Amino acid sequence: MLAARFHAPGRPLALDDVPVPEPAPDEVRVRVRAAGVCGTELHFTDGLYAPSRTPMTLGHEAAGTVDAVGSAVTGWAEGDRVAVYYYLFCGSCRWCLRGRQNLCLAPRGVLAFAADGAFAEQLVVPAHCLVRLPDELSFEAAAPLCCAGTTAVHALTEAGVEPGDVVVVLGAGGVGLAAVQEARRRGGVVVAVSRDDARRSAARSAGAVAAVSPAELAETVARLPGGQGADVVVELAGVTATLELATAVLGRRGRLVLVGYSADALTVSPLGMVVAEQRVIASVGSTLAELEQAVSLAAAGQLAPPVAGRMPLTEVNEALDRLRAGDVAGRLVLVP
């Protein structure tokens, strides 16, 4: 089968011909019908971090159909429509038992990090990592839910967004646009921030009351009812400029939610944060239940990470180049 594989940083992904994987007794093979292109892929190709081995098939947002089931698998049959939860969790450690599979202590792998991922015609995962897709949800719409949609749901759940909260979303890519929708669904007053006109327009369409450039953010937040700053800032870039902006607009009892990351560091004034009783929260990925929730919300028309384009798997490097250049308002989806 065809797979787009990472061999080394600074090099395009290679389109390799690899053996079709066979499922173990507790695994399912999925024929990939759509795979979202996330900014995480750029962290690999740009050398921010490396997968556990090379070559590695990248891609962690996958939707498709069951192609084969292991001998011990029940409840799934060939042709079933599924979304894939990309943390291949153990199911028995303390965090899995608490429903926090994203913090699993003994994962079998994580797609693209320590297990071959979704930029391929087929992939194999434990059967307990599948979520059933309703017929009304297309594969192209479902794939971005597996990371972009669920990351937004998880971050806003961790932040405890309530009706009337002023929510600033720093970044309006795939995760950012999903975060705008989810914050609005929860009753938040949402301000999106992007340097790109097309992304700001997409954020307004997603439900932001304002979509502004970084230079306009402080004044925009100050004009909102209450004028005391943001109750929640969802930070999606993780670079010095946006981290400084996030702390500058955070209000009393404000929650700064760190989702994005880079090699940059967060510097804060303990005095300022203590006096204002502010909190810093880190949010990684999502739980399995949140993928189920995202699928349900999408099926009900309440969450739809916008698909910016559909490209064949053979054009994966062009998709990554577009993402790196900032030429994507939403999610690109690869179709094997």
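User: At roughly what angle do the axes of α5 and helix α6 (residues 197-206) cross?
Analyst: The axes come within 9 Å. Axes here are lines fitted to C-alpha atoms, for helices over the stretch in contact, with angles from 0 to 180 degrees between N-to-C directions. The crossing angle of α5 and α6 is roughly 25°.

User: What kind of model is this?
Analyst: Residues are numbered from 1 along each chain as its sequence is written, and side-chain values use heavy atoms, without hydrogens and water. Local features need pLDDT of at least 70, side-chain atom pairs count only at pLDDT 80 or more, and totals for chains, interfaces and linings use all residues, since the model is predicted.

User: How is α5 oriented to α6?
Analyst: Angles under 35 degrees count as roughly parallel, over 145 as roughly antiparallel, 65 to 115 as roughly perpendicular and the rest as oblique. The axes cross at roughly 25°. Therefore α5 and α6 are roughly parallel.

User: Which residues make the contact of α5 with α6?
Analyst: Contact means heavy atoms within 4.5 Å. By class, this contact has 5 nonpolar, 1 polar and 1 charged residues (nonpolar: Ala, Val, Leu, Ile, Met, Phe, Trp, Tyr, Cys and Pro; charged: Asp, Glu, Lys and Arg; polar: the others, Gly among them). α5 gives L177, V180 and Q181, and α6 gives R199, A202, A203 and A206.

User: How are α4 and α5 oriented to each other?
Analyst: The axes of helix α4 (residues 148-159) and helix α5 (residues 174-185) come within 8 Å. They cross at roughly 50°. The two helices are therefore oblique.

User: Is the crossing of α4 and α5 left-handed or right-handed?
Analyst: A crossing is left-handed if the near helix is turned anticlockwise from the far one by less than a right angle, and right-handed if clockwise. α4 passes α5 in a crossing that is right-handed.

User: How many residues of the contact of α4 with α5 are charged?
Analyst: α4 brings A148, G149, T151, A152, V153 and L156, and α5 brings G174, V175, A178, A179, E182 and A183. Among these, 8 are nonpolar and 3 polar. The charged count is 1.

User: How many residues of strand β14 are buried?
Analyst: Buried means under 20% relative accessible area, exposed over 50%, partly exposed in between (1.4 Å probe, protein chains only). Strand β14 (residues 230-235) is mostly covered. Its buried count is 6 of 6.

User: Which residue of β15 stands opposite V232?
Analyst: Two strands pair if DSSP finds at least two bridges between them. β14 pairs in the parallel sense with strand β11 (residues 166-170) over 4 bridges, where V167 stands opposite V232. It also pairs in the parallel sense with strand β15 (residues 250-258) over 5 bridges. In β15, V232 faces R255.

User: How many bridges join β3 to strand β5?
Analyst: Helices (H or I, at least four residues) and strands (E, at least two) are DSSP runs, numbered from the N terminus. Strand β3 (residues 27-37) has 9 of its 11 residues buried. β3 and β5 (residues 61-69) run antiparallel, with R29 opposite A68. The number of bridges is 8.

User: Which residue of β18 is the bridge partner of V37?
Analyst: β3 pairs antiparallel with strand β9 (residues 122-126) over 5 bridges, and E27 there partners P126. β3 and strand β18 (residues 331-335) pair antiparallel over 3 bridges. In β18, the partner of V37 is L332.
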